[in-house]
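Please look over the model shown here.

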Amino acid sequence: MLPRKRVAVGEGDNSDATNVVDCSIVKKPRIDCSISSFATAIKTANNSTVTSNSSSNSNNSGQRSSGNSDTVAVPEMAVGNGNPSDIDEDLHSRQLAVYGRETMRRLFASNILISGMQGLGAEIAKNLILAGVKSVTLHDEGTVELWDLSSNFIFSEDDVGKNRALASVQKLQELNNAVVISALTDKLTKEQLSNFQAVVFTEISLGKAIEFDDYCHTHQPPIAFIKTEVRGLFGSVFCDFGSKFTVVDVDGEEPHTGIVASISNGNPSFVSCVDDERLEFQDGDLVVFSEVRGMTQLNDGKPRKVSNTRPYSFTIDEDTAKTDAYLGGGIVTQVKQPKVLHFKPLREAIKDPGDFLLSDFSKFDRPPMLHLAFQALDRFIHEVGRFPVAGSEEDAQRLISMVNSINDSLGDGRVEELDNEVLKHFAFGSKAVLNPMAAMFGGIVGQEVMKACSGKFHPLFQFLYFDSVESLPSAALDPNDLKPLNSRYDAQISVFGSKLQKKLEEAKLFVVGSGALGCEFLKNLALMGVSCNSKGKLTLTDDDVIEKSNLSRQFLFRDWNIGQAKSTVAASAVSLINPRLHVEALQNRASPETESVFNDSFWENLNVVVNALDNVNARMYMDQRCIYFQKPLLESGTLGAKCNTQMVIPHLTENYGASRDPPEKQAPMCTVHSFPHNIDHCLTWARSEFEGWLEKTPAEVNAYLSSPNEYSSAMISAGDAQARDNLERVMECLDKDRCETFQDCIAWARIKFEDYFVNRVKQLIFTFPEDSATSTGTPFWSAPKRFPRPLQFSSDDPSHVYFIMAASILRAEMFGILTPDWAKNPSKLADAIDRVIVPDFEPKKGVNIVTDVNATTLSSSSIDDAAVIENLITRLKDCCKKLSSGFKMNPIQFEKDDDTNYHMDLIAGLANMRARNYSIPEVDKLKAKFIAGRIIPAIATSTAMATGLVCLELYKVLDGSHKLEDYRNTFANLALPLFSMAEPVPPKVIKHRDMKWTVWDRWILRGNPTLRELLQWLQGKGLSAYSISCGTCLLYNSMFPRHKDRMDRKMVDLATEVAKMEIPSYRSHFDVVVACEDEEGDDIDIPQVSIYFR
């Protein structure tokens, strides 16, 4: 079993809870709906129930809440909406970045039923429990079989013979103590479904599904009904959320905005926007205007429809010919509209399915056939009483006959052409639930449940069918190879055969990263049996440690693992899922610095590399290593509800680095520091100031104090504006800004407030008054610039006081000053603030304020820099004599995920005060954390889907004989939902004479050659080398006469002596990059050349 989650301590009363699996688990009630009454409600339905819960109270949680949003009423659906509850933002920060608070509160109030606890049910349950729904009830009348262990991470061999639902409760409870987990083990009645906002069935006959869906569809409010199946390499989903379901937010994206540059007086009215960023509006979108000067009638908040949208302009269907003329300013913001969907019940939809959601456009005709196949399978099981036997031609033909019969009954709606080979594969694998398929569909269905409970994102409407028959071995399967071996992999063997199973078990994998993707990959690989015999090995590496925010997605970790190495904990946890897994956990970052650990021998022994990384630089490095050693790389990534996968297969596909997204646009430095026009600019500035005050400056102080002479010499040698700025900051910290008491820290913070939000603004508008014009005569304060106003500090303004509180507490920490208790009392702190004497300020003439958008620094060099630096060093020496012995400062590194450390309080305060200067809408601390902390939105569902898709490709890689057209790259957005699968792009081929090569090729020259021998070897290929480099050093260039003296020197000597390369003892070669011309004198890219010298 997985490591048990530590008991959560809180308030609770278990007096009403009966039939409890483990009464020691106690949690604080999160919402006013209790779980004991929920358990009681289910027991009154005359069914066997087991509940693992944490607390109870007297409220009746069996009642279902009406679904109300802050902005849009959703009365048509049983959306949970309990009282607003506290959200643990440290735990759920990445999920909050996707859903927002209101959606999270709806999820926290939702009760879910999952019927069928094989692998698919377990995956759906995991994703919902990690998301934090109120309760999950597990239903299954069957018992655990060894067969189930191919796909279900919950079960162990010790669970064989136990009821599936009962065996799942406690192990799933470990994932999140705040969710109520209960079990139903008897036959379900449709009346019981009224206890839930959404019900999911993974193992149900079509007839019973129609009966239950009819009840859910007509119930008031409707109950979301989802029927989903995984049958071998085939899967299906059907959703019915009622006859009138309101989607509050169809895509989850932030409303698009634009900055108005001009508005015409006319009908229609033409609106142009500044070219700071392209507009993302589409024809038919609704927008509202604000802050428009002159044509103020547009500021009425009325949504207006846009048309004729262009990158920087659009028109509004409104007559402005007689309105006041536009004078300036204005923000235009998209208004997101709710959407009402009318779902058909399964009874109707099965006969008239409408449009299927396509996932692979190369199989556009596949969904209608699979729609028939799943119905035929239901009929087969009903008539025969079992699934078709893997490899049985008789059973396959019988199922195909049923498909034809159903198809013929459709008349004009029949499918024109059926693929009997695909249907045969469907029949053979129909009993098996494969882990990659369960992971993929667990992500899809888990997201659909959350859509049903929250109204967030567009639901699947209504059928999805998917298959991955390309994952089957390329060679024909022997029916005898599909027979069970009485092993935990029998379900997988029934689809792929025992030969591929052996390849999986003997595989040598390198998994890089053990975060959210890594945890899911490890679980999948363990269940598939990858690296699970004596010849196989899985090497896992990750240099990161576990944080609290990881626990809502990285399901192998528990709260007591916080601070421990991710790779070690993940390896231990996954070994409990499959004790046969041969895994080695390392804490090394895969980088050039660790190539002695991940050396040539290590790489040459690998079969596959699986990336589970979260940054582009690491991915690029792994891509280059895989190219060099010609190893398959399975790449994936997620961003909120989006995910993508890319297969990098030697000689078949292009590499990861062959195509890259354009870099994110950065705001000019002058915009961030003097002319912000959105909250992102304010937060970027605030983060920069935080790091300057609290990390960089005290680090500079310590560097000076530890080695004054060396530090001073370095500054004198630099002699530039940056050196002068560094010394000025050190001098300020040790002299006029040095704090010895907490009152000093308060005074410093109060004066900083005045400097930032009053004095600097006064200076700015003194230098550039509101009526200023540029050299071309246009108003200086034209959009996107916003004219600022200085603030007036008031100790009666809580935001001002809390800014001073955060700044003074962190200043005290930096100087090692104890923070008194009263400092966290706003009224007492306000008294101390009012005692601070703030110097008067008068703007000065001649102050240089950078306005050049191309400027990269705010510091300007001066001919006096050297003299100023000498003076500062002299003053510093005198200042240091006043310091106590051993004085040292405490640099503070920014940590976004600790809400008790005041870091985000300070950054949010800085940003919001600056926003107030410029009349920019302010944000709360959570939103500030997302932007300033550069938090990547992440949820468990998209992660699970991505890893499932990758593992479907792993079957192909380890089989070893698939063609390019068999592989799939995927982009998916679960919010829409959108699934786009396509063949990978082949690598670029370069041809020369009768040779051709790609990025995957590497030329090898053995025998410890000289430079002359290398050049002659290339000439033999019709190539004239004019430049040879090793690392960053040039070994040879035909333009340099002295390089001809190197002709008869060994290449290895040139590499070690000229390039100063240190070649490890374990390496017998080094690499050079050669620039060549062909016979016509044209440049030609050739592969990297490896020189073997021993």
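Glu-470 and Arg-968 form a salt bridge with their closest N and O atoms 3.7 Å apart; a salt bridge here is a side-chain nitrogen of Lys or Arg within 4 Å of a carboxyl oxygen of Asp or Glu. Glu-470 sits in the loop between strand S16 (463-467) and helix H12 (490-496), and Arg-968 in the loop between helix H28 (940-959) and strand S23 (969-973), so the pair ties together parts that are 498 residues apart in sequence. Helices (H or I, at least four residues) and strands (E, at least two) are DSSP runs, numbered from the N terminus. Glu-470 and Arg-968 are both buried, where buried means under 20% relative accessible area, exposed over 50%, and partly exposed in between (1.4 Å probe, protein chains only). The two residues also belong to a network of salt bridges that links Asp-360, Lys-363, Arg-366, Asp-467, Glu-470 and Arg-968.

The model is predicted: local features need pLDDT of at least 70, side-chain atom pairs count only at pLDDT 80 or more, and totals for chains, interfaces and linings use all residues. Residues are numbered from 1 along each chain as its sequence is written, and side-chain values use heavy atoms, with hydrogens and water left out.

**Salt bridges**

By this rule the count comes to 61 salt bridges. Side chains of opposite charge can pair when their charged atoms come close. Some of the pairs are listed below.

| Pair | N to O distance |
|---|---|
| Glu-470 and Arg-968 | 3.7 Å |
| Lys-927 and Glu-254 | 3.4 Å |
| Lys-424 and Glu-393 | 3.2 Å |
| Arg-1067 and Asp-600 | 2.8 Å |

Lys-927 forms its salt bridge with Glu-254. Because Lys-927 lies in helix H27 (residues 925-932) and Glu-254 in the loop between strand S8 (245-247) and strand S9 (257-263), the pair ties together parts that are 673 residues apart in sequence. Lys-927 is partly exposed, at a relative accessible area of 28%, and Glu-254 is exposed at 55%.

Lys-424 and Glu-393 meet through their side chains. This pair links distant parts of the chain, with Lys-424 in helix H10 (residues 420-428) and Glu-393 in helix H9 (residues 393-408), 31 residues apart. Lys-424 has 17% relative accessibility and therefore counts as buried; Glu-393 is partly exposed, with a relative accessible area of 39%.

**Domain 2 and domain 4**

The chain is divided into domain 1 (257-335), domain 2 (507-636), domain 3 (669-933) and domain 4 (989-1092), with bounds that come from an automatic or database domain assignment. Taken over C-alpha atoms, the centres of domain 2 and domain 4 are 35 Å apart. Their contact takes 10 residues from domain 2 and 10 residues from domain 4, contact meaning heavy atoms within 4.5 Å.

The two domains bury about 850 Å² between them, 47% of it on carbon and sulfur atoms; buried area is the accessible area (1.4 Å probe) that two parts lose on being put together, summed over both. On the side of domain 2, Asp-600, Ile-627 and Tyr-628 lose the most area to domain 4, together 63% of what that side buries.

Across this interface the rule finds 1 salt bridge. It also finds 5 residue pairs in polar contact, both residues at pLDDT 80 or more. A polar contact is a pair of N or O atoms within 3.5 Å; within protein, one must be able to donate a hydrogen and the other to accept it, and residues adjacent in sequence count only if both atoms are side-chain atoms. Helix H17 (residues 616-629) gives the most to the side of domain 2 that touches domain 4, with 4 residues.

Ser-150 is found in the loop between strand S3 (135-139) and helix H5 (164-173), and at 3% relative accessibility it counts as buried. The side chain of Ser-150 reaches the backbone oxygen of Arg-488 at 2.7 Å. Ser-151 lies in the loop between S3 and H5 and is buried at 3% relative accessibility. The side chain of Ser-151 reaches the backbone oxygen of Val-433 at 3.2 Å.

Asn-524, in helix H14 (residues 516-528), is buried at 0% relative accessibility. A polar contact of 3.3 Å joins the side chains of Asn-524 and Thr-947. Not counting residues up to four places away in sequence, Asn-524 touches Asn-435, Ala-439, Thr-947, Gly-948 and Cys-951.
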